[in-house]
Amino acid sequence: MDVQPRSPVVPRSPVTAAEVAATRRPVVEASLLPPRVFHDPAVLDFEQAAWFGRDWVFVARSEDVDRPGRYVQVEVAGQPLVVIRGEDDVVRAFHNVCRHRGALICTEPAGRIVRFQCPYHAWTYELDGRLRRASHTDTLVDFDTADYGLVPARAAEWQGLVFVSLDPDAPDLHETLAGLWRHIDRFPLADLRRAHRIEYDVDANWKVIGENYSECYHCPGVHPQLNKLTPYDLGQNIESDGPWCGGWMELRPDFDTMSVDGLRHGRPPLPGITTEDERRIYYFLVWPNLLLSLHPDYLMTHQVWPVAPGRSKVICEWSFHPDTMATDGFDPSDAVDFWDLTNRQDWEVCELQQRGTASPAYTPGRYALMEDMVHAFDVMLADGYAQDGVDSRFTPRHDKWRQPVGSGGRGR
Ligand code: FES
Ligand SMILES: [Fe+2]
């Protein structure tokens with residue numbers, strides 16, 4: 001029978017509302033998350049099933065599926081999927097599972113095909129998932145190829161990025177991110193093209209990485225190079241109305257981007273951005289696994305994937321305007337090297353947090369005055385664990401307790 005995906009059942013959270021009550025208090029009163037959320041396999045199982053297995057997750061760039069038949073394999077919450085662009089230019093996602101005896105169909109990480117063909121008994125499927133041919137099935141009783149198409153998942157493109165949701169009832173992605181887009185809609189993100197990609201293996205829980213991204217309290221000590229370009233206390237958080245949190249940091253006057261020497265090396269600012277944007281780096285954590293960092297001349301994204309409670313895969317990509325990439329001598333290495341160093345500095349302290357929070361001596365600490373975006377992320381997590389329907393509204397601290405210099409900054 002044709003398989004219509006149903007909303008995945010939401011598993012019961014192993015973390016109670018009482019356990020995260022202290023995190024859900026206003027930031028000046030709140031405590032950090034209970035440490036077991038970084039270590040307990042049952043918590044990760046829940047997060048995979050309830051969040052990665054239902055919410056929109058960032059899986060690829062649109063350019064990875066830039067023409068009909070181009071596909072990438074992705075794994076979401078342990079489920080093998082294939083994302084592919086159809087003849088009609090629509091990006092779709094399917095479970096990468098044959099409807100005959102269940103073999104995986106696409107076996108290469110990426111490629112281009114005219115139609116799907118299962119490597120086992122060669123059932124073939126159209127790019128839109130319809131079963132095209134299943135040999136030696138013509139006299140089967142009660143068998144209609146229309147009932148045996150590939151099982152779809154939801155896919156959507158947003159500003160050159162591809163997201164997938166395993167929940168047919170997930171709210172529209174564009175509506176979900178409309179509030180974020182209002183803050184950055186000048187940026188020509190969909191036009192940008194990837195210049196570099198690095199995959200990291202980090203011995204830390206995926207949430208440790210999200211927390212680390214959400215503050216610059218650690219920047220003076222951990223990132224002396226970054227702190228020289230954007231002082232850790234110069235920036236502002238943005239009030240969020242959706243599953244994202246973030247803000248911006250300001251470049252010192254001598255510098256004009258994030259690169260090894262703080263200069264753009266002849267790269268013009270992205271078309272359409274304001275002179276104010278040219279002095280800023282915007283950082284957004286988009287629930288659950290996208291870190292979006294907008295620079296005057298390029299976009300950096302991180303995909304953060306849980307692998308085990310104490311291990312994550314992080315894919316970092318740098319994207320530039322195609323006109324800039326087409327210029328003679330284009331070389332993104334000043335930006336790539338800068339962030340590769342910064343990333344590795346971050347992974348090191350993330351791994352220290354992962355190890356330290358495993359100690360029974362650790363009890364949840366307090367948020368420092370510059371960690372209100374860490375709190376914003378943790379509140380999303382805590383609400384998700386609590387399963388009590390309460391949406392703990394987050395208001396950036398600078399709205400209530402404006403600091404003399406910015407709000408306390410954020411970012412890396
Ligand atoms: S398992 Fe795919 S054709 Fe048999
Ligand atoms: Fe950092």
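Cys216 is buried at 0% relative accessibility, where buried means under 20% relative accessible area, partly exposed is the range in between, and exposed means over 50% (1.4 Å probe, protein chains only). Cys219 is likewise buried, with a value of 0%. The structure is a predicted model, in which local features need pLDDT of at least 70 and side-chain atom pairs count only at pLDDT 80 or more, while totals for chains, interfaces and linings use all residues. Residues are numbered from 1 along each chain as its sequence is written, chains are lettered from A and ligands numbered from 1 in the order in which they are written, and side-chain values use heavy atoms, with hydrogens and water left out.

**Cysteines**

A disulfide is a covalent bond between the sulfur atoms of two cysteines. Here it is assigned to a pair of cysteine sulfur atoms within 2.5 Å, and the count by this rule is one disulfide. That bond joins Cys216 to Cys219, with an S to S distance of 1.9 Å. The link is left-handed, at -105 degrees about the S-S bond.

Cys245 is buried, with a relative accessible area of 2%. For Cys350, the closest cysteine sulfur is in Cys219 at 12 Å, again too far for a bond. Cys350 is buried as well, at 1%.

Strands of a sheet pair through backbone hydrogen bonds, either parallel or antiparallel. Helices (H or I, at least four residues) and strands (E, at least two) are DSSP runs numbered from the N terminus, and two strands pair if DSSP finds at least two bridges between them. Seven strands form an open antiparallel sheet in the order S11-S17-S16-S15-S14-S13-S12. Its edge strands, each pairing on one side only, are S11 (193-202) and S12 (235-238). From one strand to the next the twist averages 15 degrees; axes are lines fitted to C-alpha atoms, for helices over the stretch in contact, and angles run from 0 to 180 degrees between N-to-C directions.

Helix H9 (residues 333-356) packs on this sheet and touches S11, S14 (280-286), S16 (299-308) and S17, contact meaning heavy atoms within 4.5 Å. The direction of H9 makes about 20 degrees with that of S11. Nine bridges pair S11 with S17 (residues 311-320) in the antiparallel sense, and Arg194 stands opposite Ser319 in S17.

**The sheet from S1 to S5**

Another open sheet of seven strands has the order S1-S10-S9-S4-S3-S2-S5, also with antiparallel pairing. The edge strands, S1 (57-61) and S5 (110-112), each pair on one side only. Neighbouring strands of this sheet are turned by 30 degrees against each other on average, direction ignored. S4 and S9 run antiparallel and are joined by two bridges; the partner of Ala93 is Ala153 in S9.

**Backbone geometry in loops**

Most residues other than glycine have a negative phi, and most peptide bonds are trans. The peptide bond from Trp287 to Pro288 is cis, with omega near -10 degrees. Pro288 lies in the loop between S14 and S15 (290-294).

Asp89 has a positive phi, near 75 degrees, and is found in the loop between S3 (79-85) and S4 (91-95). His136 also has a positive phi, near 60 degrees. The place of His136 is in the loop between S8 (131-133) and S9 (152-158), and this residue is exposed, with a relative accessible area of 77%.

**Salt bridges**

A salt bridge is a side-chain nitrogen of Lys or Arg within 4 Å of a carboxyl oxygen of Asp or Glu. By this rule the count is 27 salt bridges. Three of them are listed here.

| Pair | N to O distance |
|---|---|
| Asp167 and Arg54 | 4.0 Å |
| Arg70 and Asp66 | 3.0 Å |
| Arg85 and Asp89 | 3.5 Å |

Asp167 lies in the loop between S10 (161-165) and helix H3 (173-176), and Arg54 in the loop between helix H2 (41-52) and S1, so the pair ties together parts that are 113 residues apart in sequence. Asp167 is buried, at 6%. Arg70 is partly exposed at 25%, and Asp66 is partly exposed at 35%. Arg85 is buried, at 6%, whereas Asp89 is partly exposed at 46%.

A network of salt bridges links Asp64, Arg194, Arg197, Glu199, Lys313 and Glu317.
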